[in-house]
Amino acid sequence: MPATEKRYPDWVQKYRTQGKTVKKKGDAYYLYKRTSKRVPGKKYPQPVDTYIGIITPEGIVESKKKKISMTDIEVWEYGFSKAVMDLCPEGWKQPLGDDWEDVLRIIICDWSERSWLKKEGIRNKDDFRCQFNAQAGSLSRRIFSKSTRLI
């Protein structure tokens with residue numbers, strides 16, 4: 001055995017086969033599948049470890065977690081829109097009357113391209129008699145003012 005190779009207990013050592021590696025963290029031993037991949041700009045292939053499970057004296061306790069493909073995932077913003085909706089002051093809503101929610105949705109969708117608010121359900125900007133940039137500025141000042149008073 002080379003001087004740099006780690007020595008594990010026999011019940012762990014038997015799982016160190018070709019293509020597998022063991023890592024110790026604290027008193028626990030973890031089994032990984034070891035492969036490698038080429039990385040542009042690197043001279044040698046880089047190791048890639050995939051977790052298999054924890055090694056116990058009784059055997060391997062395999063992970064039940066499954067990897068899912070992230071290629072078909074769409075990420076939509078939620079927190080920003082929700083926070084602005086919740087923090088919207090009454091003093092900003094009142095002058096807009098019943099249209100305040102539609103105006104706010106238009107402003108949020110302009111600020112946040114990936115908002116959870118659906119653009120299809122929002123009326124057209126031309127249906128309103130207001131300056132949206134001025135309303136957005138007024139809203140942000142009021143929310144900031146309201147939040148600094150809470151601190």
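Q: How many helices and strands does the secondary structure of the protein chain come to?
A: Keep in mind that this is a predicted model. Along the sequence, the elements of the protein chain follow the pattern α-β-β-β-β-α-α-α-α. In total, the secondary structure comes to 5 helices and 4 strands.

Q: What is the radius of gyration of the protein chain, and why is the chain described as more spread out than a compact globule?
A: The C-alpha atoms fill a box of roughly 80 × 40 × 30 Å along the principal axes. For 151 residues the globule rule gives 15 Å, and the value for this chain is well over that, so the chain is more spread out than a compact globule. The radius of gyration is 28 Å.

Q: What share of the 151 residues is buried?
A: A residue counts as buried when its relative accessible area is under 20%. In the protein chain, the share of buried residues is 26%.

Q: How many bridges join strand S1 to strand S2?
A: S1 covers residues 20-25 and S2 covers residues 28-37, and the two run antiparallel. Lysine 25 stands opposite alanine 28 of S2. The hairpin has 2 residues between these strands, and there glycine 26 takes a positive phi near 65°. The number of bridges joining S1 to S2 is 6.

Q: Which residue in S4 is the bridge partner of isoleucine 54?
A: Strand S3 (residues 46-56) and strand S4 (residues 59-62) run antiparallel and are joined by 4 bridges. A hairpin through 2 residues connects S3 to S4. Across this pairing, the partner of isoleucine 54 is valine 61.

Q: Is isoleucine 68 buried or exposed?
A: You will find isoleucine 68 in the loop between S4 and helix H2 (79-87). Together with Met70 and Ile73, Ile68 forms a nonpolar patch on the surface, with about 340 Å² of accessible area for the three together. Because its relative accessible area is 62%, and over 50% is the cut-off, isoleucine 68 is exposed.

Q: How far apart are the end C-alpha atoms of helix H4?
A: Helix H4 runs over residues 100-111, and its buried residues include Trp100, Val103, Leu104 and Ile107. At 1.5 Å a residue, its 12 residues should span 16 Å. The model agrees, because the end C-alpha atoms are apart by 16 Å.

Q: Which residue forms a salt bridge with arginine 105?
A: The closest N and O atoms of this pair are 3.4 Å apart. Both partners lie in helix H4, 4 residues apart, about one turn of the helix. An α-helix has 3.6 residues a turn, so residues three or four places apart point the same way. The partner of arginine 105 is glutamate 101.

Q: Which residue meets lysine 125 in a salt bridge?
A: The two side chains meet at 2.8 Å, N to O. The pair links distant parts of the chain, 15 residues apart, with lysine 125 in the loop between H4 and helix H5 (132-150) and its partner in helix H4. Lysine 125 counts as partly exposed because its relative accessibility is 36%. The residue meeting lysine 125 is aspartate 110.

Q: How many salt bridges does the structure hold?
A: One of them is between the side chains of aspartate 10 and arginine 7, at 3.1 Å, N to O, and both of these residues are exposed. Elsewhere, Lys23, Arg34 and Asp49 are linked in a network of salt bridges. For the structure, the count of salt bridges is 6.

How values were computed: Residues are numbered from 1 along each chain as its sequence is written. This is a predicted model: local features need pLDDT of at least 70, side-chain atom pairs count only at pLDDT 80 or more; totals for chains, interfaces and linings use all residues. Side-chain values use heavy atoms; hydrogens and water are left out. Two strands pair if DSSP finds at least two bridges between them. Patches are made of residues with over 30% relative accessible area and no salt bridge: like charges are joined within 9 Å, nonpolar side chains (Val, Leu, Ile, Met, Phe, Trp, Tyr) within 5 Å. Accessible areas come from the Shrake-Rupley method with a 1.4 Å probe; for residues, only the protein chains shown count as cover. A salt bridge is a side-chain nitrogen of Lys or Arg within 4 Å of a carboxyl oxygen of Asp or Glu. Buried means under 20% relative accessible area, exposed over 50%, partly exposed in between (1.4 Å probe, protein chains only). The expected span of a helix is 1.5 Å times one less than its number of residues. The radius of gyration is taken over C-alpha atoms; the globule rule is 2.2 Å times the number of residues to the power 0.38.
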